[in-house]
Structure formats: structure tokens, C-alpha cells
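Open the model in your viewer and keep the selection panel at hand. The stops below go from one pair of side chains to the whole chain.

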Amino acid sequence: MTKFDRTILNKYFIMGSQNCKRNPADILLEAIEGGISSFQFREKGKGSLSGEDKVNLGKQLRRICKKHQISFIINDDIELAEVLDVDGIHVGQDDLPIEEVRRRFPDKFIGLSISNQQELENSSIALVDYVGAGPIFSTKTKKNAKEAVGIKWIQSIREQYPLLPIVGIGGIDQVNAKFVREAGADGVAVISAITEAANIHEAVKAL
Ligand code: TZP
Ligand code: MG
């Protein structure tokens, strides 16, 4: 495993075209100018692109991140991880097992979603570089999201794994982000707090 810089979790922006009411490349650029620390391409759910369209958007967003030295993480898509030469891969509990992802990508960083104690106990935490904990608050963005677990879930992971990089996700905005950090998270992962903002620069700064 390569050395993982946990500061990239500070302001972790996630999106796909289905989250954007205007050009995703423009939204990503504005978010980078505003000060995000990493980007996850998550082309998924109602209205998302597939096939060649997904690959082309991925290439475009990948180029933007490379140019501005922002870490580019792909959600789930192992094939696209290779095509886009991503920095990292984020997987959920229902995706490829973490052992398999680590075997295929020994040098990329790997994130895993963890929503409860059972998932934490059943996962090879030693093989991942960070965990995404949530949904912390209720979210309208992910249709099949599990029930909100609250900041106590971050406190609990932090107590069990004092050194593990943790990013909170789900319903996080400019008002509640500080509670997520105070609970022990290294940062906040957001979709709508940035994609829905009237002023993206200000929205990122305020996170
Ligand atoms: N995983 C858990 S909640 C969520 C994902 C992808 C959606 C987060 O979106 P928002 O708009 O920041 O609540
Ligand atoms: Mg997934």
C-alpha cells in the first residue's frame, strides 16, 4: 500500500452528471477553485450516463483533476479505474470485495463505505486507506441510502480505530460540517452542498 495523505479527505466532492443542473466540468472547476481537496466521480442512479458517454465524461473530469493536482477517485467501476488511471477507488458493501480490489490495485488508494458496527467488524479495515462513514444525516441525493446514523457513528469508529482516516458522508452541509469534524472525522464528503449551491466558490469555502 502506498502512503495515503489523509488531508485529501478534508473537502471531498462527489458527483456525476445526474447531480448537475449544468455542465459537470464547469461545476468541478468551480469547486476546485473554491478549494476542494479531492473528487469522486460517481456516475450512478437515475439519469446517469453509461457506456461511452460515461467514459468520455470520466476522461474530461479526470483531465481537469490532473491539471489542478486534485485526487481523482472512481466510485465502484473497476474497469474505468484502469482506463482513467485513477488515484483511488471507492467501493461499497455490495461491490467487489475489498481483498479483490486491493489485489488488483496494490498502489491505488481504496475507500470503503461503512454504515454500521456489523459492516465494520466484517470488513478488512487493514486493507483500506480510508472509510466513508454514513449516511450521517438524512440525504435526498441517494435514493436507496440507509438510515441516518448520526455523528455518534463517527465517534464510535474513531474510538475503535484511533488512526484510521475517516470521511463523513450524507446530508452534510455548511452548517453541520463542523459537528462531523468535531466527532473525529478527517473531513466531509458532499454532493448536494456543492452541486446545488448558487455560488459554488462560497459553498466550498464555507464547508
Ligand atoms: N452515500 C451515502 S449518503 C450519499 C452517498 C453517496 C449521498 C450524499 O449526498 P448529499 O447530497 O451530500 O447528502
Ligand atoms: Mg458502490
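Which side chain meets that of Arg 22 in a salt bridge? In this predicted model, select Glu 30: its side chain pairs with that of Arg 22 at 2.8 Å, N to O. Arg 22 is partly exposed at 39% relative accessibility, and Glu 30 is partly exposed at 22%.

Next, select Lys 54 and Asp 77, whose side chains form a salt bridge at 2.9 Å, N to O. Lys 54 sits in helix 2 (residues 51-67) and Asp 77 in the loop between strand 3 (71-75) and helix 3 (78-83), so this pair ties together parts 23 residues apart in sequence. Lys 54 has a relative accessibility of 15% and counts as buried.

Stay with helix 2 and select Lys 66, then Asp 85 in the loop between helix 3 and strand 4 (88-91). Asp 85 is partly exposed, at 42%, as is Lys 66, at 49%.

Now select Arg 6, Arg 158 and Asp 186, which salt bridges with shared partners join into one network. A search of the whole structure gives 13 salt bridges.

Finally, zoom out to the protein chain, with its nine helices and eight strands. Its radius of gyration is 16 Å, close to the 17 Å of the globule rule for 207 residues, so the chain is as compact as a globular protein of that length. Of the 207 residues, 51% count as buried. Colour by charge: the mean positions of the 27 positive and 28 negative charges lie 3 Å apart.

Terms used
Residues numbered from 1 in each chain as written. Chains lettered and ligands numbered in written order. Predicted model: local features only at pLDDT ≥ 70, side-chain atom pairs only at ≥ 80, totals over all residues. Heavy atoms only, no water. Helix = DSSP H or I, 4+ residues; strand = E, 2+ residues; numbered from the N terminus. Rg over C-alpha atoms; globule rule 2.2 N^0.38 Å. Buried < 20%, exposed > 50% of the residue type's maximum accessible area, 1.4 Å probe, protein only. Lys, Arg positive; Asp, Glu negative; His and termini not counted. Charge placed at Lys NZ, Arg CZ, Asp CG, Glu CD. Salt bridge = Lys/Arg side-chain N within 4 Å of Asp/Glu carboxyl O.
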